[in-house]
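Thanks for coming. Please look at it first.

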Protein chains: 4
Amino acid sequence: MSMVKETLPNHHETTHDLQRFAAQLDKWVENDRFYTAEGACASYIPALQKADPAQLGVVMVGSDGTVLQSGDSEASFTLQSISKVISFMAACIDFGTSYVLDRVDVEPTGDAFNSIVRLELHKPGKPFNPMINAGALTVASMLGKRTPQEKVESFVSLINRMTGRRPAINEEVFQSEWITAHRNRALAYYLQENGYLEADVEDALEVYLKQCSVEINATNIAMIGLVLAHDGYHPILKEQILPVQVARITKALMVTCGMYNASGKFAAFIGLPAKSGVSGGIMAVVPSHAGSPQSPFPNGCGIGIYGPAIDDVGNSVAGSKLLKQIAREWNMSIF
Amino acid sequence: MSMVKETLPNHHETTHDLQRFAAQLDKWVENDRFYTAEGACASYIPALQKADPAQLGVVMVGSDGTVLQSGDSEASFTLQSISKVISFMAACIDFGTSYVLDRVDVEPTGDAFNSIVRLELHKPGKPFNPMINAGALTVASMLGKRTPQEKVESFVSLINRMTGRRPAINEEVFQSEWITAHRNRALAYYLQENGYLEADVEDALEVYLKQCSVEINATNIAMIGLVLAHDGYHPILKEQILPVQVARITKALMVTCGMYNASGKFAAFIGLPAKSGVSGGIMAVVPSHAGSPQSPFPNGCGIGIYGPAIDDVGNSVAGSKLLKQIAREWNMSIF
Amino acid sequence: MSMVKETLPNHHETTHDLQRFAAQLDKWVENDRFYTAEGACASYIPALQKADPAQLGVVMVGSDGTVLQSGDSEASFTLQSISKVISFMAACIDFGTSYVLDRVDVEPTGDAFNSIVRLELHKPGKPFNPMINAGALTVASMLGKRTPQEKVESFVSLINRMTGRRPAINEEVFQSEWITAHRNRALAYYLQENGYLEADVEDALEVYLKQCSVEINATNIAMIGLVLAHDGYHPILKEQILPVQVARITKALMVTCGMYNASGKFAAFIGLPAKSGVSGGIMAVVPSHAGSPQSPFPNGCGIGIYGPAIDDVGNSVAGSKLLKQIAREWNMSIF
Amino acid sequence: MSMVKETLPNHHETTHDLQRFAAQLDKWVENDRFYTAEGACASYIPALQKADPAQLGVVMVGSDGTVLQSGDSEASFTLQSISKVISFMAACIDFGTSYVLDRVDVEPTGDAFNSIVRLELHKPGKPFNPMINAGALTVASMLGKRTPQEKVESFVSLINRMTGRRPAINEEVFQSEWITAHRNRALAYYLQENGYLEADVEDALEVYLKQCSVEINATNIAMIGLVLAHDGYHPILKEQILPVQVARITKALMVTCGMYNASGKFAAFIGLPAKSGVSGGIMAVVPSHAGSPQSPFPNGCGIGIYGPAIDDVGNSVAGSKLLKQIAREWNMSIF
């Protein structure tokens, strides 16, 4: 366990309070770690398989810079589907929400994340939302300028601005995904046929798989969550990074489609915007107004969780349990 | 226009403030009424066709009893799909959320509200959520005790408790729906085959179509919204009517699946839990913590809207515009 | 084993030849009976469950009245889906093919026999063919005059004309099917909503389930097959019972959709028009021109098979093997 | 019009008879040419768009070499989907039917020819039949040896053996198809992911699109039909080119899935195995036993038709009418 009290004072938190909160968090992590046994690391790429399934860690960052962290909070992992949230924000910054939403809808669907069915049945093939692979490929194809390098740069630099750290791409993971991307290629060609790809198939795939392969840690995604918690305003840098509307649409998308086919259950039982990836990460947001006086973060916070053992749906098993416990015990919910 | 200031004092609202807010609301209603021309009254039952498509009205009720209302706010209409929210709450009160959620899931789906496809493709036919017809039929079949009368009573009495008024069933609408309920009968028999109906098909249909035919007005649904805004606590009666968890799950369901196939867009662009019906009603919730200081209701409120001209998806055209304007101008959002 | 030489002489068959053919058939029945162990009697209605799964019998009837039969050829069973062929013919006789084909298509589909998906996805809900339940319900709703009794009579009297025997309805089977017909009711209401039912739902269901419950034996269905073999002409009664076009469309439907989801495999590997039922019956047709000189029936024949142990798809396991062996060994194929 | 009487004598045809038959055929072609106005040339590749939509021609070849032809019977066109029949036969010759049918099923489906839905819904993605694009891609990937050149050679040389002419590939059509093959690439990657592709995606596509681009004429496809009419035996060369079983499975596939989504209607109303392509060709088969004494070909024949104006489903409008007229007037049917 470690607990960091940053420089800025917070109206109700004394060192004593924070120690109490930190102890609670440690206990929950310790208990929820047992659930890691109910899942397994994603098997479809070797690199993900190498992770230690027993890991579980969490980082919470408040608007004054207060950080609470516990467990395996320093572990590095690849973004995978969490990247879909970030590329959506980057595309909205680059082109405006109207342009982006002309090319991808924001409706949830009960289909699997890599489903192609709805593209065929619902002409003319506009992807249902940016959190399924089809929509994420469309978004990746738009990003930045013309070349894949420029598109990846648009994505990476947004992370840099929000986290203060320029992330690297895990080349092993990228190569591994590139080789086995048959299904995503099928989706991309389908999108291209229907005019929902703004780049060549191979370029769009390169961008998409590179954004999935970006190395990150729980603190980084907690920082991104924090910016979303404040409607795009970075409370530590004191800078509006995203337009308010983009931040709100993003949080709405996380609630309606962020947790794969368990999104409805997350909304119902946890009640916080969240996005998961098959590497075991979860990025969650406690919007400033949903912060609770019973919690260490009365003005909201960003939450980063890592637990590589995932369930059938693709969400971190122990991470989901931990997030539910945090939300319930500290009474944080947008509803 | 009318504006009612109830007895309880509110920390920031003076009579002057409320007059200003009321004037704003009047202006928006006046402007948004133009959009009624873009929709049409639901045609599949004659009784709905009789409504005046140019109507538009709104009622907002705050926790201290403050009421703001404007336009055709006194009009009476049938609940239609708004009833799905109420029957879900009634079933959870009667049997607990575990029992209810064993029989109906809470996942959004991009399918039409009366779709049967997913019941067939996703064995063994558990309905995806209580906001689509299949799920609502399952919920209706559970309600109360054994007979259809007892089941309808469970529903009606919950409305009575929340609104202080015992609503009547519009017999003409009910008969009209009963005669043309082929598709709902198809759904009900399908559910029965798969064991997701807790009553006979005809009984379940009677309950469901009666709940759809309950007469209500904008004030009534604003009151129900207010109870949800306070997590099931009735701030005027000072009574906990629903368990907190039931209220939160209900609000989550409204966000993920409350506005038919435009639910994702409502979440993204309006950001309030809302449920619509084809009669043109919309029930919306501003949770207490999402209330904004720039609004007349800093502690949240319930909103009832009526505008019978609906769009292709089934939502009130002008009502949706009005709700969007209210939420944006007064900065009310759960995100 | 038994072998019956009827009165009419046949140009190439001597008593000696027929004895040889009969011996072959006996041997095949004996061998194929082993395959009954690979299937099981249909379980969804108790009456079908009572059949002896080890039974296997066959009757072949030629145009001169020659009958070859072997095994449990006298057993009585209910028509089930074989009735779909007969009601289609009856409707075409009653109303003409144009009228019937305006209400039901003739395209094969890879969906399950009781699927509802395609009715929803392919607006406006016209059933794909008369061999799936949806199409058979539409056909049953058309038959004869107004009442269910008259409709059933249209069906029963056609069987009487073709087989010389007025069949009875197995009331136990009918009651059993009536009680558990949830899925068929769902289909029927769906059809009614889309205007593809020419009778009330309950009447259409009564007719359909009664036609399924008609008692028949292998000789009877072989006789019906014989009439089809001669394009609707009854070679023994010397009477044209069906228009040629109706007989040909019927045989085409049997080839493209007669054997549930194994229709394509039957066409490819057996090559004879055939229709099966879950009671274990198979009616097959060797059209007159497809009769082979190496067979006992150079001018074609009708074939009735009974073997109540069915496979996953719904076809008699041993019956299918037997039909394949007969077709191959005696070189009978329409291709 | 032209009529060719080849060297071999035919038992019932005198020159006088043939002249009468030829006159009939001329009249039908003349009349049916009016129907070309109801269709249009395929638009998705420029090269097909260049064809003259008013063209209509037919060639019929009998087992003794008698040829009847009429209209634009010399026109050259690309095989398009007719190639699916030939590549299926080539794969069966190269690897045996068991090997081929382990990788592609033979069940009809009501889905569009380029549909991907069923691959997703019916795990694990085995294509339903070789006449839809998915199945044809699987078959193309198997053909011959390892390289695309060798695979195309396997296809081309089979045509050479059956028609006596080595066909060329229309490079303009191939290039045109290659550039716009997004949907086929999507299908191919999907197949690869599920293990139903025996070559690289790009190689399989090259083979498939080259086989579609093979230049042919009505006489050539009539010759192939003639070989199928005689169960794989070439009656003029007096050589068994295909195993009997392969020929029969092929004819069965043509009946159940040869004419896109009108296959059922072709079986019902025409009753001959047939395969069409979007270039406007139709290859049809009158099996030897289905030849009729009223026709010029009492021992069956092969039929090649060309009429580039196609209908919504993809079949030649006038060509379908002509085939129906020929079959009905000369009483040729497999049923």
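Start with symmetry. Chain C can be laid on chain D with an RMSD of 0.0 Å, by a turn of 180° and a shift of 0.0 Å along the axis; the copies are superposed by least squares on the C-alpha atoms of residues with pLDDT of at least 70 in both. That is the relation of a two-fold axis. In chain C, the C-alpha nearest the axis belongs to C:Thr109, 2.1 Å from it. The same surface serves both copies, as 100% of the contact residues of chain C recur in chain D.

Some housekeeping. This is a predicted model, where local features need pLDDT of at least 70 and side-chain atom pairs count only at pLDDT 80 or more, while totals for chains, interfaces and linings use all residues. Residues are numbered from 1 along each chain as its sequence is written, chains are lettered from A and ligands numbered from 1 in the order in which they are written, and side-chain values use heavy atoms, with hydrogens and water left out.

Now the interface itself. On chain C, 34 residues are in contact with 34 residues of chain D, contact meaning heavy atoms within 4.5 Å. The area buried between chain C and chain D is about 2,700 Å², and carbon and sulfur atoms give 58% of it. Buried area here is the accessible area (1.4 Å probe) that two parts lose on being put together, summed over both. In chain C, the residues that lose the most area to chain D are C:Arg248, C:His289 and C:Phe335, together 25% of what that side buries.

What about charges? The rule finds 4 salt bridges across the interface of chain C and chain D, each a side-chain nitrogen of Lys or Arg within 4 Å of a carboxyl oxygen of Asp or Glu. One of them joins C:Asp105 to D:Lys265, with the closest N and O atoms 3.0 Å apart.

Which elements of chain C give two or more residues to the side that touches chain D? They are α12 (244-257) and α13 (263-269), where helices are DSSP runs (H or I, at least four residues), numbered from the N terminus. The largest share of that side, 7 residues, comes from α12(C).

Last, a single chain. Chain A has 14 helices and 10 strands, a strand being a DSSP run of E, at least two residues. Its C-alpha atoms fill a box of roughly 60 × 40 × 35 Å, taken along the principal axes.
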